[in-house]
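This report describes selected local features of one protein model.

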Amino acid sequence: MSKWEDNVRKVEPYVPGEQPNDTNIIKLNTNENPYPPSPMVMKAMQEVTEEGLRKYPDPTCSALIDALADYHKVNSANVFVGVGSDDVIATAFMTFFHSDKKILFPDISYSFYSVWASMMEIPFEKVPLADDFTISPEDYKKENGGIIFPNPNAPTAMLLEKGAIREILDANPDSVVIVDEAYVDFSGEDASVLDLIPEYENLLVTRTFSKSRSLAGLRIGYAIGNEKLIKYMSDVKYSYNSYTMNETSLKLGVESVKDDAYFKKTCDAIVNTRENFTKELLKLGFNVLPSKANFVFAGTDKMPASEIFAKARENHIFFRYFAQNRIDNFLRITIGTDEDMERVVRFLKDLLA
């Protein structure tokens, strides 16, 4: 090894879901929304100007922040935006997880958490989920340097009730607690903990436009929290990149927020398809964890998940498989259109016959 390599920060990177070039597939491996973005978004895209691309974008992202603040009925000072929720959460890691105490997150969860912690040299502990794959608040009532978990969790799709999250917050007044709500728009009206922010100044809630708003390709994420939390994150952001959001994303993001009727319509369609697909999987003998996301986590004793995954891929159906202890006989299956899921059910019936 060359001497200069002694000073290289070496990390094991996050592995994103496969993005095949072939369009003749049923792509259910990255939790993308099967429906197009709002027509208002598409109209605004036609109005992008040369001048808008030539100049630097607004570093304060004020138009998008104001739209989100108005939508969630909070002050603009309570909102932070970034290039996808990954950028937002990474900024939060840099900002708040800065002690010699271990941060806590579930052992079966979004695998980027451990990547960020390792890259930033943040000590961490993976807290095992219970036998039924739920998060137990009791496991988070110990000394820590911060807490983060998705709700609903990924890849299990299971929702932690608000009372349990309140229990975690009450037990950790001296730590920042981040609730990653990437999938909460598919969980019902009362699932989010945004309404707890006035009570807990250490609560940060993160969201994304990638799932429920059909804008994974634009990379828009945001966080809502106490004014002090948002200011600290903004200080960090401006210390390494003042122009994080491009002008097109800012404009189109605003239009997406405006079209609430379309947003709710597509979310409802996905939830309805999810429930119907779950019933079909249960008929086929699958164990399906109770999903409150835009995907299901399911497995069967009739055939190893790895084999189903491979056979599906051969038939141009893409699922997500994790070769990880405790979940290596499960598949994460994104909810597509009704037609997509009907084809998946037919494939699974034939495969397991």
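## Cysteines

Cys 267 counts as buried, at 4% relative accessibility. Cys 61 is buried as well, with a relative accessible area of 1%. Both values fall below the cut-off, since buried means under 20% relative accessible area. The model described here is a predicted one. The structure holds 0 disulfides. A disulfide is a covalent bond between the sulfur atoms of two cysteines.

## The packing of H4 and H5

Two packed helices are described by the angle between their axes and the distance between the axes. Helix H4 covers residues 84–96 and helix H5 covers residues 112–119; they pack at an angle of about 40°, and their axes are 10 Å apart. That angle makes H4 oblique to H5. The crossing of H4 and H5 is right-handed.

Which residues make the contact? On the H4 side they are Asp 86, Ile 89, Ala 90 and Phe 93. On the H5 side they are Phe 112, Tyr 113, Trp 116 and Ala 117. Sorted by class, the contact of H4 with H5 has 7 nonpolar residues, no polar residues and 1 charged residue.

## Cis peptide bonds

The loop between strand E5 (146–150) and helix H6 (162–171) contains Pro 152. The peptide bond from Asn 151 to Pro 152 is cis, and its omega is near 0°. Pro 155 is also found in the loop between E5 and H6. A cis peptide bond joins Ala 154 to Pro 155, with omega about 15°.

| Peptide bond | Form | Omega |
|---|---|---|
| Asn 151 to Pro 152 | cis | near 0° |
| Ala 154 to Pro 155 | cis | about 15° |

## Positive phi angles

Glu 121 lies in the loop between H5 and strand E4 (124–127). Its phi is near 60°, a positive value in a residue other than glycine. Is Glu 121 buried or exposed? Glu 121 counts as exposed, because its relative accessibility is 61% and exposed means over 50%.

Arg 219 is found in the loop between strand E7 (203–208) and strand E8 (221–225). Arg 219 is not a glycine, yet it has a positive phi of about 60°. With a relative accessible area of 30%, Arg 219 is partly exposed. That value lies between the cut-offs of 20% for buried and 50% for exposed.

Methods:
Residues are numbered from 1 along each chain as its sequence is written. This is a predicted model: local features need pLDDT of at least 70, side-chain atom pairs count only at pLDDT 80 or more; totals for chains, interfaces and linings use all residues. Side-chain values use heavy atoms; hydrogens and water are left out. Axes are lines fitted to C-alpha atoms, for helices over the stretch in contact, and angles run from 0 to 180 degrees between N-to-C directions. Helices (H or I, at least four residues) and strands (E, at least two) are DSSP runs, numbered from the N terminus. Angles under 35 degrees count as roughly parallel, over 145 as roughly antiparallel, 65 to 115 as roughly perpendicular and the rest as oblique. A crossing is left-handed if the near helix is turned anticlockwise from the far one by less than a right angle, and right-handed if clockwise. Contact means heavy atoms within 4.5 Å. Ala, Val, Leu, Ile, Met, Phe, Trp, Tyr, Cys and Pro count as nonpolar, Asp, Glu, Lys and Arg as charged, and the others, Gly among them, as polar. A disulfide is a pair of cysteine sulfur atoms within 2.5 Å. Buried means under 20% relative accessible area, exposed over 50%, partly exposed in between (1.4 Å probe, protein chains only).
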